Amino acid sequence: MGRQEPGGRCLVTQDTVAQFVGLSRSMASRGLQHLGFAQMVWKEGNGVYRLSPLIAGFRTPADQLAAIEAMDDEDRFDHPDFQERYERRVAQHEKERQEKAARRQRAVEPPIDLASRRQR
């Protein structure tokens, strides 16, 4: 699908991922997002992703071990609380998405026509 640089950096667009796996761009985007919730993939920018050192390719095993040792415990998906942390991230994202949708809905309400409410 693309090339992974040593250390897990991948230059690939969501469109390319979608075409490769036979999904719509929105479904590929959602899949990448969930891989992010699982701390397996981090988005670094448009078309730039980084694989977790736990699954990335490195020039040498020693390089990979050094990268794994340098990882923050919260970034590890081999942590005993992996499932609970993943579910919290998904729930937090869903809550933020619903709040954003509610704000958008409030923003499209028509303004109050004060002239029609004035008493004569």
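Predicted model: local features only at pLDDT ≥ 70, side-chain atom pairs only at ≥ 80, totals over all residues.
Residues are numbered from 1 along each chain as its sequence is written, and side-chain values use heavy atoms, with hydrogens and water left out.

Colleague: In which helix of the protein chain is confidence highest?

Modeller: Confidence is given as pLDDT, the predictor's own score for each residue from 0 to 100, and the protein chain averages 89, with 92% of the residues scoring at least 70. Helices (H or I, at least four residues) and strands (E, at least two) are DSSP runs numbered from the N terminus. The lowest mean, 72, belongs to helix α5 (residues 114–117), whereas the highest, 96, is found in helix α3 (residues 61–69).

Colleague: In what order do the three strands of the open sheet lie?

Modeller: Two strands pair if DSSP finds at least two bridges between them, and β2 pairs with strand β3 (residues 48–51) in the antiparallel sense over four bridges. The three strands form an open sheet with antiparallel pairing, in the order β1-β3-β2. Because β1 and β2 stand at the edges with a single partner strand each, one side of each is left without a neighbour in the sheet; the order is thus β1-β3-β2.

Colleague: Which residue in the turn between β2 and β3 has a positive phi?

Modeller: The bridge partner of G45 in β3 is V48. β2 and β3 form a hairpin with two residues between them, and the residue in the turn with a positive phi, of about 75°, is G47.

Colleague: Which residues are linked with R9 and E44 in a network of salt bridges?

Modeller: R9 also forms a salt bridge with E5, at 3.2 Å between the closest N and O atoms, and E44 forms one with R50, at 2.6 Å. E44 is partly exposed, at 44% relative accessible area, where partly exposed lies between buried (under 20%) and exposed (over 50%), with a 1.4 Å probe and protein chains only. The residues linked with R9 and E44 are E5 and R50.

Colleague: What accessible area do F20, V21, L23 and M27 have together?

Modeller: V21, placed in helix α1 (residues 14–21), is partly exposed at a relative accessible area of 46%. Patches are made of residues with over 30% relative accessible area and no salt bridge, like charges being joined within 9 Å and nonpolar side chains (Val, Leu, Ile, Met, Phe, Trp, Tyr) within 5 Å. Areas come from the Shrake-Rupley method with a 1.4 Å probe, only the protein chains shown counting as cover for residues. F20, V21, L23 and M27 form a nonpolar patch on the surface, and their accessible area together is about 400 Å².

Key. Salt bridge = Lys/Arg side-chain N within 4 Å of Asp/Glu carboxyl O.
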